[in-house]
Amino acid sequence: MSVEAELDALAQLLQQGQPAAAETRARALRRRWPRSGEAARLHGVALLLLQRDDDAVQALRAATRLAPQNFAAWLNLASAALATGDVDGAAQALDATLKLDPAHPAALNQLGSLRRAQGDLDAAAAAYAQAFARSHDPGSALNLAAVELQMGAVAQAEQRVRAVLQNPQAPQAEAALLLAQARAAQRDWAGAEATSRAGLAHAPGDARLHLQAGLMAEEQQHIERAAAAYRAALACAPGDVRIAAQLQFAERQCCDWRAVAARGAWLRAQLAAGAQGIAPFAFLAEDATPADQRRCAEIAAQALAARLPASAPRLATRSTATPLRVGFVAAGFHQHATALLVTPLLETLAWDASLRLHLYALSPDDASPWRVRLAACAPLLDASAMPSAQLAQRIRGDAIDVLLDLDVWCGGGRPELFARHPAPLQVNWLGYPGSACAPWYDYLIADAFVVPAAQRAHYSESVARLPRCYQPIDAARVIIAPPPRATLGLPAQGTVFASFCQGYKLAPQRYASMLAILRAVPGSVLWLLQGPDDADARLRATAAQAGIDAQRLVFAARRAHAEYLGLYRHADLVLDTHPYNAHTSASDALYAGCPVLTCPGETFAARVAGSLNHHLGLSECNARDEADFIARAIALGRDADARAALRDRLAQLRARTSLFDTPGYARDFTALLHAMHARAARGLAPTDLEDSARR
């Protein structure tokens, strides 16, 4: 067979969607015809389709050396280089491509992809628009829609995608994915999920569509349905780290622990190897070391930085800032735990003449009392639909001196906003219990308990420690008296152990300890928050397997906050979760008068409840280890007098310690912000700040 016939046969394999067979044949063909540039090119294309990107680059470089006038070889090389993240290499290959044919639609389309990778979205959109104008190729139209979506032109992107979908020859799965993302950008979670599932009719093996359907189901709190979609996605793309991590977190939320230990070990191994795709927030629930958590956040930050344009130069610090302009960015400025914690503090700070507050809400207005109160204490911008680049410009225009991120890697957060350096000083505070591990955060606000000196090396930011618990707590909340125990499903007598955390925090190891405590305290019950879907049934089944009557598990329905606080009047002792502690719910319990037993670990997330107890003066509720945790719980569970004495001691300490002192927190917090700015104004780099260093 001639070389031309061999090449035709090879090209047919690629057209038929058989890249593995094509790669095998191309490798043999290159051995027989080592000077065939086209054989090397087709080999590179096959490797690229097999996602062997580095090997594809080598083959395509050989193709361009053998056939320097081969337009397709240079174009394919640009694609392969871009796939490996080699933006400079892609640019060089594309320069050669455009010299051969500057108006070719495929080259213009690739130019759009290059500009997008470089973060120049305007240039990317222009290139895609030119490519579409010359070819009317639906692929170019979809690429243009993707960039428009990224730029915040959601309605325009959706209209373009819907037009493409009218073309039966268009890539339906790709269009469905983009349309789902456009619906998601408008918070139409149900519509986005339905669109993703419709796309699966055209491409049932497309892992991206299964993943998108799962993400949208999760937004609607249909966690079991989300987990099923993630499993389908993982079946389509075995070994995909991001999908596996999403499934892990969904199964933790559902208390479906059958595979979490093995998958968790696999995820940690992938992390150690430098794999991307594990969300730092979800990873906090894993049995991981502080070093593991830092590694996870570092990888996420590096991946984010690679997707963004070169960061703008840092803004100069104003030498005199009176008042100090302080911005707060949060996805929880609505009826949310974040608003619950910060609203009273912000109301207090608003009266401080040395500060001028600006609030930037990443969530839409829910018209809740919390949103109303926040908007009343400071200018509040609804930035929920504003692209991060535009919001960064707005913050620069507001001349913010210190910008605080209340989310970082939490859901709804926008670390990409802070990566654009919209303020001279940028601070990680409150929402994400750990180090952001991103160079665009200067400080982390903490306390000496959650970030002790022994763990300092695992935090990339300079640590600014408050002389009190880092968590602000509203000490003026209403508590509604609870209904009778029987109405809530609680027994008339017996110790009530409680844990009102979300399901992902309830790790199987700690749940086993809770069951051991129930076994040793006759008549006791474990009071939990109702979980999603079949979570409660799974917990009851696990208890029954451990020899515990499943009726000793009682599940509380979700209710208004004041009513929820009242439930703690019937709880004798909160059993904390581990390795991700109760945070807001722990301070809720203490505020409502219920002690919290915890076992502080090594990570920030595992030390929050311990910090609350420490600063309250209840260090006896901080167990040394798991055995001590179980022993203390059993001792208290069996001794009604000891429980009553502990509750009385909590009531006395609550009235005289710093934990529930909003004005005092505001003073210390303000001093910390001024200390940060004062150092920067003197030209000094951020450094760890202790209370004594600020005075």
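Which side chain meets arginine 649 in a salt bridge? The partner is glutamate 620, at 2.8 Å from N to O. A salt bridge here is a side-chain nitrogen of Lys or Arg within 4 Å of a carboxyl oxygen of Asp or Glu. The two residues sit 29 apart and link distant parts of the chain, with arginine 649 in helix α29 (residues 640-656) and glutamate 620 in the loop between α27 (608-616) and α28 (626-638). Helices are DSSP runs of H or I with at least four residues, strands are runs of E with at least two, and both are numbered from the N terminus.

Some ground rules: this is a predicted model, where local features need pLDDT of at least 70 and side-chain atom pairs count only at pLDDT 80 or more, while totals for chains, interfaces and linings use all residues. Residues are numbered from 1 along each chain as its sequence is written, and side-chain values use heavy atoms, with hydrogens and water left out.

**Salt bridges**

Searching the whole structure turns up 39 salt bridges. Three of them are in the table, including the one above.

| Pair | Closest N to O distance |
|---|---|
| Arginine 27 and glutamate 23 | 2.9 Å |
| Arginine 538 and glutamate 224 | 2.6 Å |

Arginine 538 belongs to helix α24 (residues 535-545) and glutamate 224 to helix α14 (residues 223-236), so their pairing ties together parts that are 314 residues apart in sequence. Glutamate 224 is buried, at 18% relative accessibility; buried means under 20% relative accessible area, exposed means over 50%, and partly exposed is in between (1.4 Å probe, protein chains only).

Arginine 27 and glutamate 23 are a local pair: both are in helix α2 (residues 19-32), and because they are four residues apart, about one helical turn separates them. Arginine 27 is partly exposed at 36%, whereas glutamate 23 is buried at 5%. Back at the opening pair, arginine 649 is partly exposed at 33% and glutamate 620 is partly exposed at 35%. Shared partners also join Glu224, Arg231, Glu251, Asp256, Arg258, Arg263 and Arg538 into one salt-bridge network.

**Two helices side by side**

Helices α5 (residues 71-83) and α7 (residues 105-117) pack at about 20°, with axes 11 Å apart. Axes are lines fitted to C-alpha atoms over the stretch in contact, and angles run from 0 to 180 degrees between N-to-C directions. The pair therefore counts as roughly parallel, a label for angles under 35 degrees. On the α5 side, the contact is made by Phe71, Leu75, Ala78, Ser79 and Leu82; α7 brings Ala106, Ala107, Gln110, Ser113, Leu114 and Ala117. Contact means heavy atoms within 4.5 Å.

Histidine 578 and proline 579 are joined by a cis peptide bond, with omega about 10°. Proline 579 is in the loop between β11 (573-575) and α26 (584-591).

Two residues other than glycine have positive phi: cysteine 255, near 55°, and alanine 367, about 60°. Cysteine 255 is buried at 6%, while alanine 367 is exposed at 62%.

Finally, leucine 528 lies in strand β9 (residues 525-529) and is buried at 4%. Leaving aside residues up to four places away in sequence, leucine 528 touches Ser499, Phe500, Leu539, Leu553, Val554, Phe555 and Ala556.

Methods
Angles under 35 degrees count as roughly parallel, over 145 as roughly antiparallel, 65 to 115 as roughly perpendicular and the rest as oblique.
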